[in-house]
Amino acid sequence: MAPPTELPARPERGSAPGFRAMGRLVAVGLLGIALALLGERLLALRNRLKASREVESIDLPNCHLIKGIEAGSEDIDILPNGLAFFSAGLKFPGLHSFAPDKPGGILMMDLKEEKPRARELRISRGFDLASFNPHGISTFIDNDDTVYLFVVNHPEFKNTVEIFKFEEAENSLLHLKTVKHELLPSVNDITAVGPAHFYATNDHYFSDPFLKYLETYLNLHWANVVYYSPNEVKVVAEGFDSANGINISPDNKYIYVADILAHEIHVLEKHPNMNLTQLKVLELDTLVDNLSIDPSSGDIWVGCHPNGQKLFVYDPNNPPSSEVLRIQNILSEKPTVTTVYANNGSVLQGSSVASVYDGKLLIGTLYHRALYCEL
């Protein structure tokens, strides 16, 4: 006879509620972990934005606001002959704008004039002026003295690099080429090293606005630097929190990169194959934006944001402040860092660049005015 089949034991009364209680405890625990992580990330982001920092004003005696610049001068580049180019009218998701319906443009100022004025340059026919949204800029002078202007552009918030030929006699720009590439998903700034060759920073790995926010919030350090030429495009440096301003030393041996949310300037050695290797990192106490180089001394001039939170949460009664640093001997063990100018936003809001030429200082902003100073 076959042994009797054992029947499964019935669950005791109350065990199902016990399982439910255990599930609720797990859910509460996971929620607590998520909230703790959320709070930690928010606190870390506030620290990266320097959200509590205030500055005391450091004034320069001979300064005035530049007429004709009312809605931003995000980047400035000055030619050896004293002609200064301004990138004007940047608009970006999450940023304030004083002229939201007006396209951006490129302005020029002759610093050799006794009373220089900013004038908008004409751009050749066929270029889409209505969607022009310029960001970082850089100039390159070829062996035949041809001047090329490279402009990071965000038409409809996309990412391109526009290459122009500057025609000085006509005060105009001839559009030569639009560069798009999958390795340039979120271009911020650019430094030209040839007539169609440049290094560019991606301040994010992603191009989608939500993914950009998530990347910043999670502090993924996926931002990078890309080298572009007509024959080769490659990532040459990576691991940045948010790679921003970029420039090249007067001897063309070093590339400088500002990591804005890490409050750092990276010094990278440039090799014959255009690859970069990191030499050192200079840590600062402010959000470093664009970098300009004094060609005579090699000093780095930096437009900075003392409090990044004020840039994105705009309050006209508590506007973003401005700060300009001068960095001398950055390759030495102890570079000299000097605060040349600082303002609480009462004069200049959101300084993003500072460029010098022959005793003159130009300070541009993300979306506000621009300042001209005699040093």
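A residue is called buried when its relative accessible area is under 20%, and by this criterion cysteine 373 of the predicted model is buried, because its relative accessible area is 0%. Its partner in a disulfide is cysteine 63, and the two sulfur atoms lie 2.1 Å apart. A disulfide is a covalent bond between the sulfur atoms of two cysteines. Whereas cysteine 373 is buried, cysteine 63 is partly exposed, with a relative accessible area of 27%.

The count of disulfides comes to one. Cysteine 304 is likewise buried, with a relative accessible area of 0%, but the closest cysteine sulfur, that of cysteine 373, is 15 Å from the sulfur of cysteine 304, which is too far for a bond because a disulfide requires sulfur atoms within 2.5 Å.

Elsewhere in the model, four strands form an open sheet in the order β2-β3-β4-β5, and their pairing is antiparallel. Strands β2 (73-78) and β5 (119-120) stand at the edges of this sheet, and because each has a single partner strand, one side of each is left without a neighbour in the sheet. The pairing of β5 with strand β4 (residues 105-110) is antiparallel and runs over two bridges, and glutamate 120 in β5 is the bridge partner of leucine 107.

Methods
Residues numbered from 1 in each chain as written. Predicted model: local features only at pLDDT ≥ 70, side-chain atom pairs only at ≥ 80, totals over all residues. Heavy atoms only, no water. Buried < 20%, exposed > 50% of the residue type's maximum accessible area, 1.4 Å probe, protein only. Pairing = 2+ DSSP bridges.
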